[in-house]
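Subject: Structure handover and notes

Dear colleague,

I would be glad if you read the two side by side.

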Amino acid sequence: MKIHEYQARELLAKFGVPVTASVLAHSGEEAAEAFDRLRGDHGIKMAVVKAQVHAGGRGKGGGVKLVKSAEEARAVATHMLSKPLVTPQTGPEGVPVKKVLVAEAVDIAKEYYLGIAVDRSKGCPVLIASSEGGVEIETVAEENPEAILREPIHPTEGLQPYQARKVAYRLGMAGKQVGQATQIMAQLAKLFLACDASLAEINPLVVTPATETHPAEGRVLAIDAKMNFDDNGLFRHEDLKALADPAEENPAERRASAHGLSYIKLDGNIGCLVNGAGLAMATMDLIKLHGAEPANFLDVGGSASEEAVTEAFRIILDDPHVEGVLVNIFGGIMKCDIIARAVVSAAEHVGFQVPLVVRLEGTNVEQARQILQRAKAQLPTMQVGTDLTDAAKKITTGVKAVDVA
Amino acid sequence: MSILVDKNTRVLCQGITGSAGAFHTKGCLDYGTKMVGGITPGKGGTKDANGLPVFNTCDEAVRTTGANATMIFVPPAFAADAVLEAADADIELIVCITEGIPVLDMMRVKRALHGRCTHAGKSKKVRLIGPNCPGVITPGACKIGIMPGYIHQPADQAPTKKAVGIISRSGTLTYEAVWQCSTRGIGQTTCVGIGGDPVRGMDFIDCLELFNADPDTHGILMIGEIGGTDEERAAGYIQANVRKPVVAFIAGRTAPPGRRMGHAGAIISGGEGSAETKIAALRRAGCHLSESPADLGATMARALGLS
C-alpha cells in the first residue's frame, strides 16, 4: 500500500524525525491561506507547492513548484489542481491531482538520500544511504554504485547506534550533524519495523546552511518522504489502513480486489483469465510471443467462487480495448468445472461478442468440458484450446480475423 | 531416490482442523503420504475426520508420533509462530503453505532459524519450504501440499527411464511443467514449490544443490519469475557446480515495472528483478531456456537427449 507525501511526513514527525513545516490544501484559496500561515508561524519567505499523488517523478511533470507569495501559491495550486499530472511513472493520461502540499522552502547546503527497504536475498531490512540526494536511488545505483552505502538491519534488534554513526561519518557528516542524522536513522528504522513498511524513503534529507539562529552548523531535516507498506501486514495497523486513497487506484483493479481477484490493467487487446500468479504472467508472455499484447494480468486464485469468476469476465469485457479473451486454467485447488460454469454464466449475463478461447487442464477437467459442450449454442465465439500453444494461436488468429472483417 | 521427502517421511499438519488443513490432509493421505497427526491448540486429544490424532502442541505431537515433517495451514497472522514452534520441536522439514504472511514476520523467522539452538544446546539443520507455496512432492511416495497428485509421474515408472527435479516459485505453473514432463514420459524425482514471497525458506540454490547430488535426477527444471535476484544467484551456482542439464523458464517478461504481479515477491523494483537480466544470467550459465511456457516439457526432452 502506498501513501501520500503529506501522510508520510506526518508519520515521520510522529516518530520524531524533523520535517519542514507544511500545510495541506485542496484549492488555490487554501494554498494561499497555507502560505500566509507558514509565513506567520514560521517566518518563511518561500514555499514549495507539491502535487499529492502516489506516482513518482512529480518534479519532472511540473508537480513541484517554488512560490514566493500567497498569490503565486494560489495561482500555481489552482493550475496543478485543474488538470491531470503526467510524470514518467503515470502513463500519458496522467493522474488527477486532488490535493497539494504547501511546504516551507529551506536553503540547502547539502542533500542526501536515506531509505530503508527489504533486502530479499539477506532476508532483512537494509538501510540505504547516499550523499547524492534528490536523485532517484535507482539512477545513482546505475551510474555511481559505490556512492551507495548499505547497512543491514536486524529484524528484531533494530538498527544499532554504531551502524548509524558509521553511515553518518561515511556520508561525510561532521559535528552536530552526526548526532542529528543518527537520530533520524534510528527513528526511521523504528518506524519501518513498527509499521510493517516495505519502503521508507527520505529523499532528500538535507542539511541547511548555518544561519543566525544556528550559527555553528546547519540543521538536518527531511524535505520529502515516500512510504509503502506491506499489504500482508496491514491487518495489525488499522491506523495505517485508513491512509489508503482509493482515488489513486484503477477502478477496475479496485473492483477486482473487492471480489478477491488479483487484476492489473495493461495496454493490450487480449484479455486473460488464469489461476495462479506465475501461470498468469506466463500466459501474458505467451500472448506476446504469438504477436499480440495482453490486456491484463488476472489471477482468480485457488478458491474463487463461480460468482467471482463471472465478475472477472465482466471486468475483462468492460475494457473497451479487449478484442479477445483467453482462459487458461490448470486446476489444482481451483476446479475446472467452476470455471466452465462461470464461462456459461458470463455468456448469459454479459455475452461474449469477441473471440473466446478456453484451455482447461487438471482437476475436474472432464466435467468442465461437458459443461462447455452443452452450452455451445450460447457460446458462438468460443473455441477450445488443446494445449497452451494451440490456445495462443487460436486467440491471436481469432482476433486478427475479426480485425480484417 | 529423491530429495527432501520419501515414503518414510512422517508428516504432521499444523492447522489440521481448519477447512484447508482438513481438506489437504485428506488429499495427502489419499495420495499415500504417511500422515501421522496434526496440531490445533485447544483440540488436543481429539481425532480428525480421518482418525488422525490431534495435539495441542508440536512438541507433544513429535514426541508421540515421531514425525519429521510438517505442513502448515495456519492463518497468516499466526503462521510465523507455527514455523518457529515446528523448528523448536526439532521437525527437520517445515512446509508452509499459508499465503499472506507479513514480510517482517518472515524476516524474524529466518533470523531465528538461522541462529537456532535446540534444547540440548546443539543446533540441528532445519529446512523451511515456502511460505505461499504449493509444497513438495516425491511422486508415488510422499505429497506434502496442495498440488494435484495425479499429474505427476513417479521416477521409477517413467516410460523414458528419465526423471527430473523441478523447482518453482509458482504453483500452477509448476503443474504445467509437471504435466508437460509426465505426458512426454519424463518422471519427476521431487518437485519443490519454493513459494512466491519475497522472503522465504529454501531458495533455488538450496534445491539445486540437493538435486545435483541425487543420482536419480537426470535433469533439473527451474521456474523463476520477476522480482529479486535469486535466479541470478542460482545461475552463478549452476555455472560453477551443476553438470546436469538445467532447463529454465522465467515468467513475467511482459510485466510492467513497479507493479506487483499477484505474488508478493513478483515485482520489478529498485532497478532489479526484470525477466531479461534473469534470462541472460541463466543463458550465460549454460541453461536451456524455454522461450514459451508451452515448451517446458519439450525443452527438457531435448536437453535429456530424448528428441
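With which residue of chain A does Glu176(B) form a salt bridge? The partner is Arg359(A), and the closest N and O atoms of the two are 2.7 Å apart; a salt bridge is counted here when a side-chain nitrogen of Lys or Arg lies within 4 Å of a carboxyl oxygen of Asp or Glu.

Before going further, please keep in mind that this is a predicted model, in which local features need pLDDT of at least 70 and side-chain atom pairs count only at pLDDT 80 or more, whereas totals for chains, interfaces and linings use all residues. Residues are numbered from 1 along each chain as its sequence is written, chains are lettered from A and ligands numbered from 1 in the order in which they are written, and side-chain values use heavy atoms, with hydrogens and water left out.

The interface

Chain B places 55 residues in contact with 45 residues of chain A, contact being taken as heavy atoms within 4.5 Å. Between them the two chains bury about 4,000 Å², of which 64% is on carbon and sulfur atoms; buried area is the accessible area, taken with a 1.4 Å probe, that two parts lose on being put together, summed over both. Of the area that chain B buries against chain A, 15% comes from Met107(B), Arg111(B) and Thr254(B), more than from any other three residues.

The count of salt bridges between chain B and chain A is 3, and 13 residue pairs are in polar contact across the interface, both residues being at pLDDT 80 or more. A polar contact is a pair of N or O atoms within 3.5 Å, where within protein one must be able to donate a hydrogen and the other to accept it, and where residues adjacent in sequence count only if both atoms are side-chain atoms. On the side of chain B that touches chain A, helix 4 (103–114), helix 5 (172–182) and strand 12 (246–251) of chain B each supply at least two residues, and helix 4 of chain B gives the most, with 7 residues. Helices (H or I, at least four residues) and strands (E, at least two) are DSSP runs, numbered from the N terminus.

The sheet in chain B

Chain B has an open sheet of 7 strands in the order 8-7-10-9-11-12-13, with mixed pairing; two strands pair if DSSP finds at least two bridges between them. Strand 8 (142–145) and strand 13 (288–289) of chain B are at its edges with a single partner strand each, so one side of each has no neighbour in the sheet. Strand 7 (residues 135–138) and strand 10 (residues 187–193) of chain B pair in the antiparallel sense over 3 bridges, and in strand 10 of chain B the bridge partner of Val136(B) is Val192(B).

Helix 9 (residues 277–289) of chain A packs on this sheet and touches strand 11 (219–225) and strand 12 of chain B, its direction making about 85° with that of strand 12 of chain B. Axes are lines fitted to C-alpha atoms, for helices over the stretch in contact, and angles run from 0 to 180 degrees between N-to-C directions. Helix 6 (residues 204–213) of chain B lies across strand 9 (163–168), strand 10 and strand 11 of chain B, at about 170° to strand 9 of chain B.

The sheet in chain A

In chain A, an open sheet of 4 strands has the order 1-4-2-3, with antiparallel pairing. Strand 2 (residues 47–51) and strand 3 of chain A are joined by 4 bridges, and Val49(A) stands opposite Lys65(A) in strand 3 of chain A. Helix 1 (residues 5–14) of chain A lies across strand 1, strand 2 and strand 4 (100–104) of chain A, running at about 45° to strand 4 of chain A.

Local points

Asp196(A), in the loop between helix 6 and strand 8 of chain A, has a positive phi of about 50° although it is not a glycine. The side chain of Asp196(A) also meets that of Arg236(A) in a salt bridge (2.9 Å, N to O), a pair that links distant parts of the chain, 40 residues apart. The peptide bond from Asn203(A) to Pro204(A) is cis, with omega near 5°, and Pro204(A) is found in strand 8 of chain A.

With best regards
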